[in-house]
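Welcome, and please open your viewer so that we can walk through this model together. Keep the selection tool handy, as each stop begins with something to pick.

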Amino acid sequence: MRNLEMWLDVGIAHLTSAPCWVIYLQVLQDAVWPGGELPAVPRQEKSPEQREKMRLQCLHCLMQLFPELITDMLGSEKCRLVWQHMLESLQDPSINRHLVYCIFDLLLEFLVPEFSEETFQRSLLQSLPGDVDRTPSSA
């Protein structure tokens, strides 16, 4: 069990490291602004066959993330069901919205660590013009 905890700690540390955030932001930028410019027309809707192919490809990639030890302990089918359930959950717009907000919150804390400090929030709120509630939110 200790090996699993260590593997998770190392994996999470890697996934949230600065080089990974750079990659995430580059992928996000390329997805939203291909070639650095907003697309002139919206992307064409994917067909149900294309969506299913993408889902299976994603499921296969996620299955590769589990180390063999976990797959052997839980069984390949159970691991596949876990990832499949996670992918199905991501089809819910409110879960996606929450996930995006959490990612932006983490990104903001990573890029501007002082943002979570109340003194920084107060100075930021004081610099805003107009009728804005001047009470910093508790994080």
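In which helix is the place of F110? Select F110 and you will find that its place is in helix α6. Helices here are DSSP runs of H or I with at least four residues, numbered from the N terminus.

Before going further, a word on the model. It is a predicted model, in which local features need pLDDT of at least 70 and side-chain atom pairs count only at pLDDT 80 or more, while totals for chains, interfaces and linings use all residues. Residues are numbered from 1 along each chain as its sequence is written, and side-chain values use heavy atoms, with hydrogens and water left out.

**Stop 1: around F110**

Keep F110 selected and show its surface. F110 counts as partly exposed because its relative accessibility is 38%; buried means under 20% relative accessible area, exposed over 50%, and partly exposed in between (1.4 Å probe, protein chains only). Now display A18 and W21: F110 touches both, leaving aside residues up to four places away in sequence. Contact here means heavy atoms within 4.5 Å. Next, pick T16 and draw a C-alpha to C-alpha distance: F110 and T16 are 9.4 Å apart in space, although 94 residues apart in sequence.

**Stop 2: α2 against α6**

Select residues 18-32 for helix α2 and residues 93-111 for helix α6. Their axes are 12 Å apart and the helices pack at an angle of about 130°. Axes are lines fitted to C-alpha atoms, for helices over the stretch in contact, and angles run from 0 to 180 degrees between N-to-C directions. At that angle α2 and α6 are therefore oblique to each other; angles under 35 degrees count as roughly parallel, over 145 as roughly antiparallel, 65 to 115 as roughly perpendicular and the rest as oblique.

Turn the view to look through the pair, and you will see that the crossing of α2 and α6 is left-handed. A crossing is left-handed if the near helix is turned anticlockwise from the far one by less than a right angle, and right-handed if clockwise. Show side chains to see who meets whom: A18, W21 and L25 in α2 meet I103, L106, L107 and F110 in α6.

**Stop 3: α3 against α5**

Now select residues 48-63, helix α3, and residues 76-89, helix α5. What is the angle between α3 and α5? These helices pack at about 125°, with their axes 10 Å apart. α3 and α5 are therefore oblique to each other, and their crossing is right-handed. On the α3 side the contact is made by R55, C58, L59, L62 and M63, and on the α5 side by S76, C79, R80, W83, Q84, M86 and L87.

Zoom in on M63, which touches S76, C79, R80 and W83, not counting residues up to four places away in sequence.

**Stop 4: the nonpolar core**

Which residues form the largest nonpolar core? Select L59, L62, M63, F66, I70, C79, W83 and L87, eight residues in total. α3 and α5 each supply at least two residues of this core. A nonpolar core is a set of buried Ala, Val, Leu, Ile, Met, Phe, Trp, Tyr and Cys residues joined through side-chain atoms within 4.5 Å.

For another residue of α3, pick L56. L56 counts as partly exposed because its relative accessibility is 43%.

**Stop 5: salt bridges**

Side chains of opposite charge can pair when their charged atoms come close. The structure holds four salt bridges, each a side-chain nitrogen of Lys or Arg within 4 Å of a carboxyl oxygen of Asp or Glu. Here are some to select:

- E52 and R55, at 2.7 Å from N to O. Both lie in helix α3, three residues apart, about one turn of the helix.
- R80 and E77, with the closest N and O atoms 2.5 Å apart. Both lie in helix α5, three residues apart, about one turn of the helix.
- E45 and R51, with the closest N and O atoms 2.7 Å apart. E45 counts as exposed because its relative accessibility is 61%, whereas R51, at 46%, counts as partly exposed.

**Last stop: I12**

Finish by selecting I12 in helix α1 (residues 2-15). Is I12 buried or exposed? I12 counts as exposed, because its relative accessibility is 52%.
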